[in-house]
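Reader: I'm new to this one. Can you walk me through it?

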Amino acid sequence: MKRNLMLIIMLMALLVLTSCVKHSTLICDKCGKTFEGDDDYSKQLAREEEIMSALGIDLYSFFCDDCNDRFATCIAYKAMTPEDAARLEAYDAGKEIIASVGVDANVEILGPTDLDQYYIAEDNLTGLYGIYDISLNIWKTEPIFSAIYAFDANGLALAMKNDYYGYIDSNGNTVIGFQFLEADPFTNGVARVRVNKWGVIDTEGSFVVDPMYEGISIYDNGYISVYDGEWYGLCDPTGRQIIDIKFLEGFKFTESRIYACCRIEKDNNRFWYKLFDYEGNNLMDALSVKNSQYVSYPYENVQILCYKLQEIDNKFYNVLDENLNVIFGDGCAYISEFSSFGYAVAISTPTYSISWGNVELNYEGLFVIDKSGTRVCHLPNLPSYDTQYSSGGSEWRYTYDFYVNEYCAIAMGGSSGYLINLQTLEYSQWKRIVPLKDSNYVMVQDKNTELWSLYNGDNLIEDNCTNIEYSDSGINSQFKLYHGNEYILYPS
């Protein structure tokens, strides 16, 4: 009896000991292997806890002995942003330095300067930053800064002291005084700073662009966008203004051209651009089409040219290639943007005559062109225009409103709508078509059954719906797809 009792006690003790070992089901996010973690995993867990605590980030991948590179690195760097990865590298380097030179426990090494023995460091007692000499294990520059950012190729670092920003060198000496309310590190030898308003300085502290603007952006190529509170202009890397302040935000650059953004409200709210070279010379007058006013930003070397936009009956579009040569020059009344399949929808410009109050229109109709300017689909029977006439004058307008996304073109108006598949170039007629802007979602209603269907691109999500309700717009839309009084949610 005693022997059996002793055996039971030993078994219970074994169960208790086993329960003390940490087990968890782990899945490698690289190879997909599922396994149980145990004490062999404790170093990995400790390492992740250390990093998450030091850097304030979350890691979610697990050690897997089937993945050699995972074994070597242990940490899933893909779970971190590039900034986090850089901070981790500096953190690990700092740990090695601390271990090798015996840095004071109250000093945390954060990152290098451009001099081998000097490092950006934090005094853990005060929370302030300075420059630490690891060769002598002393502060080179006392921790008096609220922040020190990474040193750049010029050997300068943005720093903050007494709520103002300035710039220091690797010895901790002030190079550009602490006078700015906001500032950025140097990029290509210039930095954006704010005194009362924004300007741009060089590495000597001299203003390249005077501090007189509500906003400034510096592009990767060194060009500088300036904002006066309403409109934007452009300066070259030396600070010389080359494009007047009268454009919308968003200058775009190609190898040899600058596109300055405009928006013409009565032209379908489409973005249009004026065209300049890198010296700021206006290239619009050099185009082969006279009186050219705007171009679209090129998509795969194709762009749309618009001219004579002021009057609705004198609005013409053409298509240009990458060399600004006209490849489609029929002067259409409308050309959509080109889809990812390389097609655009065009509407011919009508001619009309007026006799005893009646307006007679002559037009080709709606058609589809490819990026070479070739007509690939023609819909001559689609009524594209309606007319109105009054004693004040005449005008024509589209019978249909047009909408184009990546997959289809939609003509809507009157008692029906047309859906043109821009991949197969087939078209279909529906009673109603409802596109959701900024997405590829389209809802269509059958002319005969009056039932609804929902498409995302060319994928049918649900058909034969008695009604469709949706919230939000764009790619984040949520749909209620009704079949009678019951509905299903999409996405679920």
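Reader: What kind of model is it, and how are residues numbered?

Author: This is a predicted model: local features need pLDDT of at least 70, side-chain atom pairs count only at pLDDT 80 or more, and totals for chains, interfaces and linings use all residues. Residues are numbered from 1 along each chain as its sequence is written, and side-chain values use heavy atoms, with hydrogens and water left out.

Reader: How many helices and strands are in the chain?

Author: The chain has 4 helices and 44 strands. Both are DSSP runs numbered from the N terminus: helices are H or I with at least four residues, strands are E with at least two.

Reader: Let's do sheets. What is the order of β3, β4, β5 and β6?

Author: These 4 strands form an open sheet in the order β3-β4-β5-β6, with antiparallel pairing. Two strands pair if DSSP finds at least two bridges between them.

Reader: Which strands stand at the edges?

Author: β3 (107-112) and β6 (138-145). Each has a single partner strand, so one side of each is left without a neighbour in the sheet. The twist averages 30° from one strand to the next. Axes here are lines fitted to C-alpha atoms, for helices over the stretch in contact, and angles run from 0 to 180 degrees between N-to-C directions.

Reader: How many bridges pair β4 and β5?

Author: Strand β4 (residues 118-123) and strand β5 (residues 128-133) pair over 6 bridges, in the antiparallel sense. E122 has Y129 in β5 as its bridge partner.

Reader: What about β7 to β10?

Author: Those 4 strands make an open sheet too, ordered β7-β8-β9-β10, with antiparallel pairing. Its edge strands are β7 (147-151) and β10 (174-180), and each pairs on one side only. Neighbouring strands are turned by 20° against each other on average, direction ignored.

Reader: What sits between β7 and β8?

Author: A turn. The two strands form a hairpin with 5 residues between them, and G155 in the turn has a positive phi of about 75°. Strand β8 (residues 157-161) is joined to β7 by 3 bridges. The bridge partner of F151 is A157 in β8.

Reader: And how is β9 joined to β10?

Author: By 3 bridges; β9 covers residues 164-168, and the two run antiparallel. Y165 stands opposite F180 in β10.

Reader: New topic. How many aromatic pairs are there?

Author: The structure holds 19. Rings of Phe, Tyr and Trp (its six-membered ring) pair if their centres lie within 6.5 Å; planes under 30 degrees apart count as stacked, over 60 as edge-to-face and the rest as tilted.

Reader: Why is the pair of F145 and F178 stacked?

Author: The ring centres of F145 and F178 are 5.9 Å apart and the planes are at 25°, so the pair is stacked. F145 is in strand β6 and F178 in strand β10, 33 residues apart.

Reader: Are these two buried or exposed?

Author: F145 counts as buried, at 1% relative accessibility. F178 is buried as well, with a relative accessible area of 19%.

Reader: How about F328 and F367?

Author: That pair is tilted, because the ring centres of F328 and F367 are 6.1 Å apart and their planes are at 55°. F328 lies in strand β25 (residues 326-332) and F367 in strand β30 (residues 366-370), 39 residues apart. Both are buried.

Reader: Which charged end sits over the ring of F367?

Author: That of R375, 4.4 Å from the ring centre. The test needs NZ of Lys or CZ of Arg within 6 Å of the ring centre and within 35 degrees of the ring normal. R192 lies over the face of W198, at 4.1 Å from the ring centre.

Reader: Last one: what is I369 in contact with?

Author: I369 lies in strand β30 and is buried, with a relative accessible area of 0%. Leaving aside neighbours within four places in sequence, I369 has contacts including V319, F328, G342 and R375.

Note on methods: Buried means under 20% relative accessible area, exposed over 50%, partly exposed in between (1.4 Å probe, protein chains only). Contact means heavy atoms within 4.5 Å.
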